[in-house]
Amino acid sequence: MAFGAMEGDVTPSLVLAEQAYDAAKARYQTNMDDDAAARQFASACFDRADQTPKDSVRATMAHEGIQVCRRWLQRAPDATAAHYYLGMNIAQLARTKTLGALPLVKDMEKEWLATLGLDPHFDFAGADRNLGLLYRDTPGFPLSVGSRVKAEEHLQHAVELNPEYPENHLNLIETDLKRKPAAVAAEFEKLRAILPSARKQFSGPQWQSAWEDWNPRLEKIRTRLPAAP
């Protein structure tokens, strides 16, 4: 393993992420001007950063992904994936900081707004999904860009654009549990309705880490649903 994770830190998802990262990097290094290779590598940097328990590794992966995307945008300013994964890798870098994360928030917002303008369906409404969480979880004015109204708008829009994607429903429901509990039951029914097809559509090793995240969140929501009258 390139970064020598401690044995206790190794998970199947981490191994898969590192294998994908190694393959994507090797491909990218053979042709740095190939859009498909750049997209694969930028995505792999994010995934590898997302799986590691170590901030030092996360920062290294994030910087690498940021560099790939910025180089890509120099030759293709309207490349949707380049804007999207630039924001994603900046978000991973922000995870390694405390107060130092706030200056990065505007950069993340800028890249995901650009993605939204180019292709709102990219990564199953990923721009709306990420903007919704950004506005939900960051401080409001004057410290940062946080906004409950914007958060709700973007999370709802993600569900409307790509209702087949479980993450979109999960984010909206988790937000509404805190702010609009009366809306949760109806939203959860929509999620339950798409789960059988989602488990078929989003299957295979590349979706393993997603379901490892989604399934516990589903169970937690079930335990917190308001009791029926």
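Grid points are joined across faces, edges and corners, and a volume is the space filled by probe spheres set on the points.

This is a predicted model, in which local features need pLDDT of at least 70 and side-chain atom pairs count only at pLDDT 80 or more, while totals for chains, interfaces and linings use all residues. Residues are numbered from 1 along each chain as its sequence is written, and side-chain values use heavy atoms, with hydrogens and water left out.

## The overall fold

The chain contains 10 helices and 0 strands, where helices (H or I, at least four residues) and strands (E, at least two) are DSSP runs numbered from the N terminus. Read along the sequence, the pattern is therefore α-α-α-α-α-α-α-α-α-α.

The C-alpha trace of the chain spans about 60 × 40 × 30 Å along its principal axes. A compact globule with 229 residues would have a radius of gyration near 17 Å, and the 18 Å of the chain agrees with this; the radius is taken over C-alpha atoms, and the globule rule is 2.2 Å times the number of residues to the power 0.38. Of the 229 residues, 47% count as buried, a word that stands for under 20% relative accessible area, with exposed over 50% and partly exposed in between (1.4 Å probe, protein chains only).

The largest pocket has a volume of about 1600 Å³. Its lining is made of 49 residues, and Phe46, Asp47, Asp50, Met88 and Gln92 lie nearest the centre of this pocket. The elements that give two or more residues to the lining are α1 (12-30), α2 (35-51), α4 (80-95), α5 (102-118), α6 (122-137), α8 and α10, and the largest share, 9 residues, comes from α6. Sorted by class, this lining has 26 nonpolar, 12 polar and 11 charged residues; here Ala, Val, Leu, Ile, Met, Phe, Trp, Tyr, Cys and Pro count as nonpolar, Asp, Glu, Lys and Arg as charged, and the others, Gly among them, as polar.

The second largest pocket holds about 150 Å³ of space. Arg136, Glu174, Leu177, Lys178, Arg217, Lys220, Ile221 and Arg224 line this pocket. Both α8 and α10 give two or more residues to its lining, and α10 gives the most, with 4 residues. By class, the lining of the second largest pocket has 2 nonpolar, no polar and 6 charged residues.

## Aromatic rings

The structure holds 15 aromatic pairs, where rings of Phe, Tyr and Trp (its six-membered ring) pair if their centres lie within 6.5 Å, and planes under 30 degrees apart count as stacked, over 60 as edge-to-face and the rest as tilted. Tyrosine 165 is buried at 7% relative accessibility, and tryptophan 214 is buried at 2%.

Tryptophan 214 also pairs with phenylalanine 202, with the ring centres 6.4 Å apart and the planes at 85°, so this pair is edge-to-face. Because phenylalanine 202 lies in the loop between α9 (184-201) and α10, while tryptophan 214 lies in helix α10, the pair ties together parts that are 12 residues apart in sequence. Phenylalanine 202 is buried, with 1% relative accessibility. Phe124, Tyr165, Phe202, Trp207, Trp211 and Trp214 form one aromatic cluster.

## Cysteines and a buried arginine

A search of the whole structure finds 0 disulfides, a disulfide being a pair of cysteine sulfur atoms within 2.5 Å. The cysteine sulfur closest to that of cysteine 45 belongs to cysteine 69 and is 8.1 Å away, too far for a bond. Cysteine 45 is buried at 0% relative accessibility, and cysteine 69 is buried with a relative accessible area of 0%.

Arginine 129 is found in helix α6 and is buried, with a relative accessible area of 5%. The C-alpha atoms of arginine 129 and leucine 155 are separated by 5.5 Å, although these residues are 26 residues apart along the chain.

Key
On a 1 Å grid over the protein atoms alone, a cavity is a set of points where a 1.4 Å probe fits but cannot get out, and a pocket is an open set with protein on both sides within 12 Å along at least five of seven lines; lining residues have an atom within 4 Å of a point.
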